[in-house]
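Biologist: I would like to talk through the charged pairs in this structure. Could you start with the rule you use?

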Amino acid sequence: MSATAPRAWQRMLSGRRLDLLDPSPQDIEIADIAHGLARVARWNGQTAGPHVFSVAQHALLVEAIGADLAPGRTRMQRLELLLHDAPEYVIGDIISPFKAAIGPSYKGVELRLMAAIRQRFGLPEPDEDEVRLVKRADAMAAHLEATRLAGFSADEASAVFGHLHPAAPEAQALIEPWPTAEAQSRFLSRFQVLTSAS
């Protein structure tokens with residue numbers, strides 16, 4: 001008697017059934033991504049304020065910081081910044097220490113989802129320079145979130161995320177947590193700006 005394979009897909013509000021182990025670009029919709037990321041809390045929800053700081057808002061913060069660090073980037077390069085955590089719309093935001101404990105299986109799922117997302121939206125694989133920019137902007141965003149929202153001292157945040165220059169005022173203005181609907185709407189609007197024709 002053969003065992004039935006476990007279900008590996010999730011039904012989205014759009015009606016798509018996304019296979020988490022073998023994702024198809026055809027089953028990825030930006031509305032689902034925006035909806036999901038606006039409802040996923042950064043820092044496991046351990047942040048100050050009446051609203052969680054969502055992954056959607058974090059994505060907007062990272063894109064703003066990246067644009068400040070490297071002016072003149074193309075819309076597609078800025079889209080890479082915006083979508084850097086897009087797989088979390090279905091697999092959640094697992095904090096780094098737990099990711100390390102889980103090992104490579106989580107990373108494999110994340111990488112397959114990201115490849116499908118890039119294919120869906122016509123994003124090329126980032127070069128080393130873009131990867132470095134995303135990592136730096138992500139670390140700066142995490143440092144800012146840690147000290148402004150998650151109770152870290154400046155020294156504690158620097159020990160974890162590195163000594164970083166302060167983010168530009170435009171980026172720092174994005175740190176106050178928004179209601180879910182606002183985070184979803186602003187993420188979707190930014191995506192549409194970056195993917196619209198010039």
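Modeller: A salt bridge is a side-chain nitrogen of Lys or Arg within 4 Å of a carboxyl oxygen of Asp or Glu. Keep in mind that the model is predicted.

Biologist: Why is the pair Arg42 and Asp93 called a salt bridge?

Modeller: Their side chains meet at 3.9 Å, N to O. The cut-off is 4 Å, so the pair counts.

Biologist: What makes this pair a tie between parts that are 51 residues apart in sequence?

Modeller: Arg42 lies in the loop between helix 1 and helix 2, while Asp93 lies in the loop between helix 4 and helix 5.

Biologist: Are Arg42 and Asp93 buried or exposed?

Modeller: Both are buried. That word requires under 20% relative accessible area.

Biologist: How do you know that Glu29 and Arg120 form a salt bridge?

Modeller: Their closest N and O atoms are 3.7 Å apart. The limit is 4 Å, so they qualify. Glu29 sits in the loop between strand 2 and helix 1, and Arg120 sits in helix 6, so the pair ties together parts 91 residues apart in sequence.

Biologist: Why is Arg120 called partly exposed?

Modeller: Its relative accessibility is 33%.

Biologist: Which residues are joined into one network?

Modeller: Arg16, Asp27, Glu29 and Arg120, through salt bridges that share partners. One of these bridges links Asp27 and Arg16 at 4.0 Å, N to O.

Biologist: How many salt bridges does the rule give?

Modeller: The count comes to 13.

Note on methods. Residues are numbered from 1 along each chain as its sequence is written. This is a predicted model: local features need pLDDT of at least 70, side-chain atom pairs count only at pLDDT 80 or more; totals for chains, interfaces and linings use all residues. Side-chain values use heavy atoms; hydrogens and water are left out. Helices (H or I, at least four residues) and strands (E, at least two) are DSSP runs, numbered from the N terminus. Buried means under 20% relative accessible area, exposed over 50%, partly exposed in between (1.4 Å probe, protein chains only).
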